[in-house]
Amino acid sequence: MHVIGTERHESRRIDNQLRGRAGRQGDPGSSRFYLSLEDDLLRIFGGEKLKKIMERLGVKDGEPIEHPLISRAIENAQKRVEAHNFEIRKYLLEYDNVMNHQREAVYSLRRRIMKGEDLKGMIMEMVRKLVEDLVDTYTDPKLPVSEWDWEGLKEAFKQQFFFPVELEVIPKVKREDLIEMLFSQAREYYEEKEARVGPDLMKEVEKFLLLHTLDSHWKEHLLNLDHLKEGIGLWGYAQKDPLVQYKKEGYQMFLEMLDRFREDVVRKLFAVQITQGEEVPTLSPSKHFSFELVRSPFSSKEIPSVPPSPKVQGPIRRKTPKVGRNDPCPCGSGKKYKHCCGR
């Protein structure tokens with residue numbers, strides 16, 4: 001078998017696969033490639049240089065050129081393209097590793113929530129972190145206690161936890177004591193809500209809100225990472241590595257996503273109002289009945305009656321004996337049944 005190629009691929013592996021088609025089931029074969037100096041592979045990588053050499057040697061147009069120099073030039077061009085494609089795949093893998101590390105952290109948290117491992121402890125950690133952020137926002141250790149924004153702290157606490165906090169200006173109060181006081185009030189309010197609805201039902205609510213909120217914020221974060229990747233190459237104009245900037249900004253976006261997740265979960269858990277209704281007994285399929293209203297001849301009131309059950313039809317039996325395929329036809333033609341009425 002003889003294989004004819006009209007161009008050379010940018011990858012040597014593809015050309016070798018095409019040459020391998022010539023040898024079928026161990027039989028010897030041959031291959032030959034025809035290409036022009038105007039092909040993309042030669043035009044981009046050394047085509048002009050080869051043209052000048054051919055003009056210097058006086059080679060006419062349309063005349064076939066066979067020389068080791070051309071084969072070597074084509075092979076070098078393929079090596080350059082393969083190296084360029086390898087760098088692209090390498091960079092793409094490094095970009096994906098940034099997202100993969102974040103995905104492992106989120107999925108680990110999600111598995112912990114699915115197993116129900118100490119959900120209340122996880123929520124209390126979120127509450128303490130939010131209380132610390134509020135105290136850091138509205139207080140300043142460099143200023144006197146009387147100049148702290150106490151009213152702003154009360155309002156922000158109420159918007160986050162949905163209940164007014166009992167807080168007065170305490171002279172010479174420490175940051176750690178203020179955090180512990182606010183956290184204790186938030187924990188007591190949450191435990192009172194848990195006692196009203198029951199720990200089992202509260203655990204189901206916690207699990208549902210944690211999973212739903214985490215999934216929604218994670219999907220939004222993945223979309224933001226895709227938008228970041230589209231324009232991260234512009235950092236190259238500032239003489240900075242786009243991959244390094246992508247890692248920095250992606251990590252910062254991940255931390256901000258976790259902060260929004262904590263705030264959203266705590267706000268929903270403290271704002272949700274759980275009501276328990278009466279359980280409605282369910283009937284098994286064997287106890288389901290259909291009723292209709294009919295008028296009784298002995299009373300002027302309508303009473304329910306059960307509709308009669310449908311009559312069960314018995315099996316259908318043949319009245320005449322069965323006729324075989326090779327038996328004489330019952331019509332009296334003298335032919336076999338399969339050649340007459342049994343067709």
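Is Phe163 buried or exposed? Select it and see: at 9% relative accessibility, Phe163 counts as buried (buried is under 20% relative accessible area, exposed over 50%, partly exposed in between, with a 1.4 Å probe and protein chains only).

Before moving on, note that this is a predicted model, where local features need pLDDT of at least 70, side-chain atom pairs count only at pLDDT 80 or more, and totals for chains, interfaces and linings use all residues. Residues are numbered from 1 along each chain as its sequence is written, and side-chain values use heavy atoms, leaving out hydrogens and water.

**Stop 1**

(Rings of Phe, Tyr and Trp, the last by its six-membered ring, pair if their centres lie within 6.5 Å; planes under 30 degrees apart count as stacked, over 60 as edge-to-face and the rest as tilted.)

Next, pick Phe161 and Phe270, another edge-to-face pair, at 5.1 Å centre to centre and 80° between the planes. Phe161 sits in helix 6 (residues 150-161) and Phe270 in helix 9, so this pair ties together parts that are 109 residues apart in sequence. (Helices, H or I with at least four residues, and strands, E with at least two, are DSSP runs numbered from the N terminus.) Phe161 is buried at 0%, and Phe270 is buried at 1%.

**Stop 2: along helix 9**

Stay with helix 9 (residues 242-271) and select Asp264. Its side chain makes a polar contact with the side chain of His217, at 3.2 Å. (A polar contact is a pair of N or O atoms within 3.5 Å; within protein, one must be able to donate a hydrogen and the other to accept it, and residues adjacent in sequence count only if both atoms are side-chain atoms.)

**Stop 3: the cysteines**

How many disulfides does the structure hold? The count is 0 (a disulfide is a pair of cysteine sulfur atoms within 2.5 Å). For Cys331, the nearest cysteine sulfur is that of Cys329, 3.3 Å away. Select Cys341 too: its sulfur is 3.5 Å from the closest cysteine sulfur, in Cys329, too far for a bond. Cys331 is partly exposed at 47%, and Cys341 is partly exposed at 48%.

**Last stop: zoom out**

Colour by secondary structure to find 9 helices and 4 strands. Of the 343 residues of the protein, 27% count as buried.
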